[in-house]
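Me: Please examine the model shown below and answer some questions on its strand pairing and its chain contacts.

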Amino acid sequence: MQTQELRQETPAAETNTGDQAFLKLKGITKRYGADYMAVDDLDIDVPKGKLLGLLGPSGCGKTTTLRMIAGLLDITRGKITIDGDDISHKPPHKRDIGLVFQNYALFPHMTVAQNVAFGLEMRGVGRTEARDRVEEALEMVRLPGYGERKPKEMSGGQQQRVALARALVIRPRLLLLDEPLSNLDAKLRDDMRIEIREIQQRLQITTVFVTHDQVEALTMCDLVGVMHRGKLAQLGTPEDIYERPEDLFVADFVGRTNILDGEIEALDRVRIGASVYPCNTRGLTAGKAKAAIRPHRISLTPSRDRSLVSMATNAAHGKVTRVTYIGDVVQYDIDIGGNTLTTEVHTASAGHSFQSGEKLLCEWKPQDMQVFGS
Amino acid sequence: MAAITSSVPIAEAPASRRKFPFLLIALLLPMAIINFVAFVLPVIRLGMISFIESRSGGVLTNNYTLENYADFFTDSFSIELVSNSLLLGFGVTLITLCCAYPIALFLHRVSPKWRNMLFVITVSPLLVSSVVRTYGWMVILGDQGVFNGILMSSGIIDSPLRLTNNTLGVFIGMVEVLIPYMALSLIAGFGRLENVYEEAAASLGANSWTRFRRVILPLTAPGIALGCLLCFVLSISSFITPKLLGGGRVFLLATEIYDQAVIQLEWPTAAAISVIVLIIFGLALAVYSRVVKRFD
């Protein structure tokens, strides 16, 4: 039964070919009260050594899911296994899972070394070995010699690394990270992102990472699960999620997107405003629809005759209504007959710069426009 | 860049330094004066009286002597007073801590919706004077009291349990009187205790007993220290509850001070015992500050 499932899944998940599911969430559900489903029937498999990002807005159930895996919340229904071991109803201290909290939760009454050694002590690791492993863990997070400090004497980024060392020193089967970067400032966040990913790959530790930040999810993770209202909206590689969103929520939540109201005229044809554009309608042949286009997938050229544009390209005439200089890009809001398109042009790619009120032509490839029935 | 940003607070500092002390002194002065006149001066006077030689009948002379202290330390009865008082202080404090700690922990964790109401209930005994509460305990614990009445009429015991006019009665009354103070101090010192630390400990493999011992207890140590200091001092200096529930048969430093000062009119002896009590409190305070420092 299990092998059959695996055989079916392997070809579908291109990136994890040959990997067995190490962490399996099967139909896990958390219900509060009579009918509030915080997490609703979640199925996720994470192959060994991979990093899964759970991405979603606050209240989508991602942290609830993480807490259920850690055993800090009871599951209402479903099953959680690590490497075939059913941990669904084990108490948290018997799960052998490393956990890094959003606010780090370093024990304030202990030194850094005592914090890191805590899990080893619980496992009855001898004093000399524990001392070596603590020092090794602190070296791994680039804080050698910081053992005698108290957590409050350290910066947020350093505390974060201590928390990581404390979770990893016990060599857990699974590492869980709950919004670990959200309390850091932007520059430090970029560094820690790379550092955490590097350590995760070096140790080849299966990891679940909860975040509301799509950049973190896309840049760090092997797999991204986008959650929405307690359900898994889409599970796939970062590229799947960004390039091939399966529903409007994912298209809208991940990356910046123009969402335009339209109507499907026929298979692979959508009408927006007065124009009809070729696109992929996912088999739909009629009905109201929303079309999504990424701002940077729209190229802008000075206004010219539509007939000069290749038939393989979608094009719309428009007028610049607003110019916003952001630094690396310039953002143009363009009115294309009732709808506003936000577009981005890299400042380095020079090309033409446009003024507010200027007429121009917007072009994009049919495959860059995602259409969802509504 | 750094020079520019750091120059701002430097420029502002003198202005705030000029204004600040005036307000600070104005606010602190009234209480400082009251404290000096009503506490510091009397304590100095108390210390002086403790060295005055007295003649029989409590007549004070103009001579100073160490005899009041010498008498105290050579009398086996006064050594008994000290040990009784210390035992009561430690015992009552420990029992009060055990009773109040679960209450405080529960109040710390309960949802904010209920917390205020439950908090008021916890400290509500303070609305009734401890004299009245002590009389209440006499009615409950006496030989003909409610408690013995129930036990005797249900046939569990034949003769009443001796629950008043002895040390046991004093313990029961003192613990009940002090629980609100202990609970208040504990809650005040629980600020650092957050649920997330227990979760972190659990994820690292600590079971509930280890979590309590290694995380909850050290994080609540400041509250425990404060509550214990307060209850220790209050129980040693308490006088009404031991007097009433002890029925004149429980001899403590506090009751002895009263007897010497009011009944025997031996002010120098009373003053000397008071100074010894003050020294005990000073030691308790020293232990407290060490504990707080240790767990900071």
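Me: How many bridges join strand β14 of chain A to β20(A)?
Reply: In this predicted model, β14 of chain A covers residues 287–293 and runs antiparallel to β20(A). Within this pairing, A:K290 stands opposite A:F372 of β20(A). The number of bridges joining the two strands is 5.

Me: Which are the edge strands of the open sheet of 5 strands in chain A?
Reply: The sheet has antiparallel pairing and the order β13-β12-β11-β14-β20 in chain A. From one strand to the next, the twist averages 40°. An edge strand pairs on one side only, which in chain A holds for β13 (275–278) and β20 (369–373).

Me: What area is buried between chain B and chain A?
Reply: The contact involves 20 residues of chain B and 23 residues of chain A. Carbon and sulfur atoms give 62% of the buried area. That area is about 1900 Å².

Me: How far apart are the closest N and O atoms of the salt bridge between B:R214 and A:E121?
Reply: The rule finds 2 salt bridges across the interface of chain B and chain A. A salt bridge requires a nitrogen–oxygen distance within 4 Å. For B:R214 and A:E121, the closest N and O atoms are 2.4 Å apart.

Me: Which element gives the most residues to the side of chain B that touches chain A?
Reply: Both α8 (195–203) and α9 (208–219) of chain B supply at least two residues of that side. The residues of this side divide into 10 nonpolar, 4 polar and 6 charged. With 7 residues, the element that gives the most is α8(B).

Conventions
Residues are numbered from 1 along each chain as its sequence is written. Chains are lettered from A and ligands numbered from 1 in the order in which they are written. This is a predicted model: local features need pLDDT of at least 70, side-chain atom pairs count only at pLDDT 80 or more; totals for chains, interfaces and linings use all residues. Side-chain values use heavy atoms; hydrogens and water are left out. Two strands pair if DSSP finds at least two bridges between them. Helices (H or I, at least four residues) and strands (E, at least two) are DSSP runs, numbered from the N terminus. Axes are lines fitted to C-alpha atoms, for helices over the stretch in contact, and angles run from 0 to 180 degrees between N-to-C directions. Contact means heavy atoms within 4.5 Å. Buried area is the accessible area (1.4 Å probe) that two parts lose on being put together, summed over both. A salt bridge is a side-chain nitrogen of Lys or Arg within 4 Å of a carboxyl oxygen of Asp or Glu. Ala, Val, Leu, Ile, Met, Phe, Trp, Tyr, Cys and Pro count as nonpolar, Asp, Glu, Lys and Arg as charged, and the others, Gly among them, as polar.
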